Amino acid sequence: MKKLLSLTLLLLLSAPAWSQSEAYQKQKAAKIAEGSIFTKIIKREAPATIVYEDDDVIAFVPNRLQAPVHLLIVPKKEIPTINDVTEEDAAMLGKLFLVAKKLAKEKGIAETGYRLTMNMNEDAGQSVFHLHMHLLGGRKLGPMVTQEESNGEQEKNKKPGKDK
């Protein structure tokens, strides 16, 4: 495991072509080397309100709620980002979605609607480098991202027959 972490750190610190800022790359490398808070929760070295657990996946309430229902669904295997997923992880990734479905039903939001999100790297605001899925619901959530097109781009992208 230490060899893998060392290799990851070496790759992160020696990849100048990446578009992540230098500060973010350093922060990311340090956090990966340190190990994630999620691994500490899995090992029961940090407290959490756990709502689901099996051999592969754990789900718990995050410290900072973003909706009335907000859970983190985390694989027990430590994978920093989606970019680090391998073909061997396919079944585990599918299981994340099945756990999300089960928890949404248990929390009473399966029919009204919910959002599943995963943030990857700097532009998406990833701060914990252990793959995880947010299950959000319990109210209308609004748009996922702010539309920042200029008026000219909006006009150009309008489809015929759509309201203006």
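In this tour, a residue is buried when its relative accessible area is under 20%, exposed when that area is over 50%, and partly exposed in between, using a 1.4 Å probe and protein chains only. Strands (E, at least two residues) and helices (H or I, at least four) are DSSP runs numbered from the N terminus. The model is predicted: local features need pLDDT of at least 70, side-chain atom pairs count only at pLDDT 80 or more, and totals for chains, interfaces and linings use all residues. Residues are numbered from 1 along each chain as its sequence is written, and side-chain values use heavy atoms, with hydrogens and water left out.

Start by selecting residues 133–137, strand β5. Five of its five residues are buried, so the strand is largely enclosed by the rest of the structure. Show the side chains: M133, L135 and G137 point one way, H134 and L136 the other.

Two strands count as paired if DSSP finds at least two bridges between them. Select residues 69–75, strand β3, which runs antiparallel to β5 and is joined to it by five bridges. One place to look is H70, whose bridge partner in β5 is L136. Then select β4, residues 114–117, also antiparallel to β5, with four bridges. Here T117 has H134 of β5 as its bridge partner.

Now select residues 57–61, strand β2. Four bridges pair β2 with β3 in the antiparallel sense, and I58 has V74 of β3 as its bridge partner.

Select residues 90–106, helix α4.

Last, look for the nonpolar cores, sets of buried Ala, Val, Leu, Ile, Met, Phe, Trp, Tyr and Cys residues joined through side-chain atoms within 4.5 Å. The largest has 18 residues; Y52, L96 and L135 are among those with the most contacts inside it. Helix α4 gives the largest share of this core, seven residues. Apart from it lies another core of eight residues, including F38 and F60.
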